[in-house]
Amino acid sequence: STPMLIVLREPADYPTCTKGDLVAEDSIDLVVRQYASGSASKTLAGTLTATTGIACRLPGTLPNRILGAARGAPARPLAFGHPSGVIYVEADVGTAAADGTLPIHRLAVQRTARRLAEGRAYLKEPF
């Protein structure tokens, strides 16, 4: 599944692939689609979300240019629209050092979870 290909675009309204709920253009900063193993994914991988968030903060990168044209450079967490909804990422990159390196001050990705199973275990009572 590596490398992962992503497609980015400026915000646009679209229905989710799960329930058909509308993701509104004004609620997201970028539309992101992930492709791996020959097909589109219903969500975004955490690593892909994190690295795209950092790329949005690096001057001159494609994500930074698309984000800048669509929304400016918001200091708040970024909202990425994916086929199943929205995922949020906080990315804070410092100013360039004399050697050209950029320090990453903060990177956080909001993840969600769903219940996978529910069960009971019956243990023997001691004699």
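The legends below describe close-up views of a predicted model.

**View 1. The largest nonpolar core.**
This core has 13 residues. Those with the most contacts inside it are L30, V32, L44, L48, C56, L78 and F80. At least two residues of the core come from each of β4 (30-36), α1 (46-57), α2 (62-71), β6 (78-82) and β7 (85-93). A second, separate core has five residues, including V23, I28, V31 and A79. In soluble globular proteins, nonpolar side chains tend to be buried together.

**View 2. The surroundings of L44.**
L44 is among the residues with the most contacts inside the largest core. Which residues does L44 contact, leaving aside its neighbours within four places in sequence? They are V32, R33, Q34, T49, F80, H82, I87 and R111.

**View 3. Strand β4 and its partners.**
Six of the seven residues of β4 are buried, so the strand is mostly covered. Strand β1 (residues 5-9) runs antiparallel to β4 and is joined to it by five bridges. The bridge partner of L30 in β6 is F80, and that of V31 is G81.

**View 4. The hairpin of β4 and β5.**
Strand β5 (residues 39-40) pairs with β4 in the antiparallel sense over two bridges. A36 stands opposite S39 in β5. The hairpin has two residues between the strands, and S37 takes a positive phi near 55 degrees there.

**View 5. Q34, a buried residue of β4.**
Q34 is found in strand β4. Is Q34 buried or exposed? Q34 has a relative accessible area of 7% and is therefore buried, since buried means under 20%. A polar atom of the Q34 side chain lies 2.8 Å from the backbone nitrogen of A45. Not counting residues up to four places away in sequence, Q34 touches M4, L5, I6, S39, A40, S41, T43, L44, A45 and L48.

**View 6. The two faces of strand β6.**
Five of the five residues of β6 are buried. In a regular strand the side chains alternate between the two faces of the sheet. In β6, L78, F80 and H82 lie on one side, with A79 and G81 on the other, and both faces are covered. Of these residues, L78 and F80 are among those with the most contacts inside the largest core, while A79 belongs to the second, separate core.

A hairpin joins β6 to β7 through two residues. The two strands pair in the antiparallel sense over five bridges. In β7, V89 is the bridge partner of L78, and Y88 is that of A79. On to the next strand, β7 pairs with β8 (residues 104-109) in the antiparallel sense over five bridges. V89 has V109 as its bridge partner in β8.

**View 7. A charge over a ring.**
What sits over the ring of Y14? The charged end of R33 does, 4.6 Å from the centre of the ring. R33 is also one of the residues in contact with L44. As for pairs of aromatic rings, a search of the whole structure finds zero.

Conventions:
Residues numbered from 1 in each chain as written. Predicted model: local features only at pLDDT ≥ 70, side-chain atom pairs only at ≥ 80, totals over all residues. Heavy atoms only, no water. Phe/Tyr/Trp six-rings, centres within 6.5 Å; stacked < 30°, edge-to-face > 60°. Lys NZ or Arg CZ within 6 Å of the ring centre and 35° of its normal. Core = buried A, V, L, I, M, F, W, Y, C linked by side-chain atoms within 4.5 Å. Buried < 20%, exposed > 50% of the residue type's maximum accessible area, 1.4 Å probe, protein only. Helix = DSSP H or I, 4+ residues; strand = E, 2+ residues; numbered from the N terminus. Contact = heavy atoms within 4.5 Å. Pairing = 2+ DSSP bridges. Polar contact = N/O pair within 3.5 Å; in protein donor to acceptor, adjacent residues only side chain to side chain.
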